[in-house]
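This note is meant for a colleague who is meeting the structure for the first time. Please read the points beside the displayed model.

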Amino acid sequence: MFKTVRMTVNGKAVELAVDERESLTDTLRERLGLTSVKKGCEVGECGACTVLIDGVSKNSCIYLTVWADGHEIITVEGIRGKNGLLHPVQQAFVDEAAIQCGFCTPGLILTGVELVNSGKKYSRAELRERISGHLCRCTGYENILRALEKVVGSESD
Amino acid sequence: MYDIKTTYNAKSVREALRLLSENEGAVIVCGGTDVMIRIRELKLRRATLISILDIPELCEIHLDTNEDLLIGPGCCFAAICGNDLIRAHVPMLADACNQVGSPQIRNIATIGGNICNGAVSADSVPALMVLDAMLELTGADGSRVVPIREFHTGPGKTVLKADSEILTCIRIPRAKYTDHGGCYLKFGMRNAMEIATLGCAVNAALTRDGTIRDFAIAFGVAAPTPLRCPEAEALMVGKKATPALIRELRKAVLLETRPRDSWRASKELRLQLIQELSERATVQAIENCGGEIHV
């Protein structure tokens with residue numbers, strides 16, 4: 001059955017009819033064209049589908065779109081600054097070459113944005129723990145940790 | 001697409017109970033990190049889901065007038081880990097909750113789901129068991145209270161009447177956290193996104209002269225259900241915490257646990273873990289309530 005969902009996606013109010021069997025990943029990708037949200041394991045293990053729901057990182061693959069009614073969703077498409085520049089986390093990933101195939105990157109960037117928004121600084125051990133819900137099969141995580149340390153690291157400054 | 005027939009979004013416990021009674025075979029879902037996987041694996045088909053994710057009354061953590069700690073089962077693990085009351089009174093529970101899944105999972109998976117799912121590996125359950133947590137199960141005709149020790153009946157099986165009841169409150173008695181020290185240890189092959197190979201929780205209190213006055217030990221994945229070891233506990237109470245006593249505990253816990261072989265680990269490894277984690281968790285718990293054992 002189709003149900004009407006009202007939510008805010010990347011700052012814009014959205015009202016759309018969705019199939020109630022749909023995951024938020026599918027709605028964002030197929031209905032709204034937000035293909036930064038990746039389909040990986042689809043069982044909440046790899047973190048490629050991570051989005052921010054009311055500012056909190058969650059796996060959108062095991063979250064039904066009908067549950068998003070009344071909530072605020074942010075994907076990587078929605079984090080660019082007003083001046084059009086990359087978000088500091090994105091810039092740090094570019095500077096540190098923290099990207100290889102790029103599949104895990106949008107999810108990791110959003111976890112990075114969540115960390116920035118917390119206003120806290122994190123040690124390397126804490127950062128390793130905070131990104132443990134993202135699987136990256138290319139980089140070995142070193143450059144990803146370096147990029148995050150540049151923005152929210154407690155040991156870098 | 002998930003194999004779902006209908007979804008409902010309950011705004012109150014009363015509404016959730018009504019929807020449950022009107023829809024045969026309906027399943028309560030909160031964070032969805034277990035239920036959605038079951039649908040994905042086709043273990044649950046043509047599902048009717050009643051979401052209780054948006055019920056604020058299930059998401060509170062506060063002290064009762066008698067200072068028992070009340071935890072709403074709809075609290076996600078991240079909320080529990082970050083809560084000041086939990087960290088002050090039952091830091092062991094915060095530790096246990098912080099070892100579930102990944103940050104994204106802990107941002108939505110709930111402690112109530114962890115309990116009601118009935119998994120033998122649930123990280124929060126051994127900790128709640130040694131704290132003598134009481135579960136309030138609410139149905140259309142009122143509530144009943146079940147000690148968590150009597151809640152699990154088999155792998156994935158509990159006394160909750162899933163077609164007519166909802167877990168509405170987790171109560172931790174004041175007497176079980178005041179002047180107590182606790183510890184939960186989890187053994188797994190990796191640190192994140194891991195199901196416990198074995199979990200062990202200890203909650204202890206000492207008298208002024210260092211005698212053990214209260215002692216509780218519970219395990220996950222050491223039997224068909226999470227379980228306490230009352231005889232091992234009785235062995236400890238009234239004695240000084242010495243290395244010799246810990247050696248006795250290591251033997252005693254083997255008599256009350258029944259681990260098995262699984263693809264995750266052999267029975268032999270689990271037997272060794274039961275002994276080793278018992279010792280380590282006990283030493284840490286006693287340290288956490290102001291004592292000391294040199295092992």
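1. Helix α12 of chain B covers residues 267–288. Helices here are DSSP runs of H or I with at least four residues, strands are runs of E with at least two, and both are numbered from the N terminus.

2. This is a predicted model, in which local features need pLDDT of at least 70 and side-chain atom pairs count only at pLDDT 80 or more, while totals for chains, interfaces and linings use all residues. Residues are numbered from 1 along each chain as its sequence is written, and chains are lettered from A and ligands numbered from 1 in the order in which they are written.

3. The buried residues of α12(B) include B:L273, B:I274, B:L277 and B:E279 (buried: 20 or more other C-beta atoms within 10 Å of the residue's own, with C-beta atoms placed from the backbone). Among the elements covering the buried residues of α12(B) are β11 (181–187) and α11 (243–256) of chain B. After α12(B) comes B:G290, with a positive phi near 95°.

4. Chain A is divided into domain 1 (2–78) and domain 2 (88–152), with bounds from an automatic or database domain assignment. The C-alpha centres of these two domains of chain A lie 21 Å apart.

5. In chain A, 14 residues of domain 1 are in contact with 13 residues of domain 2 (contact: C-beta atoms, placed from the backbone, within 7 Å). On the side of domain 1 that touches domain 2, β3(A) provides the largest share, 3 residues.

Technical notes: Contact = placed C-beta atoms within 7 Å. Expected span 1.5 Å × (residues − 1). Buried ≥ 20, exposed ≤ 12 C-beta atoms within 10 Å, placed from the backbone.
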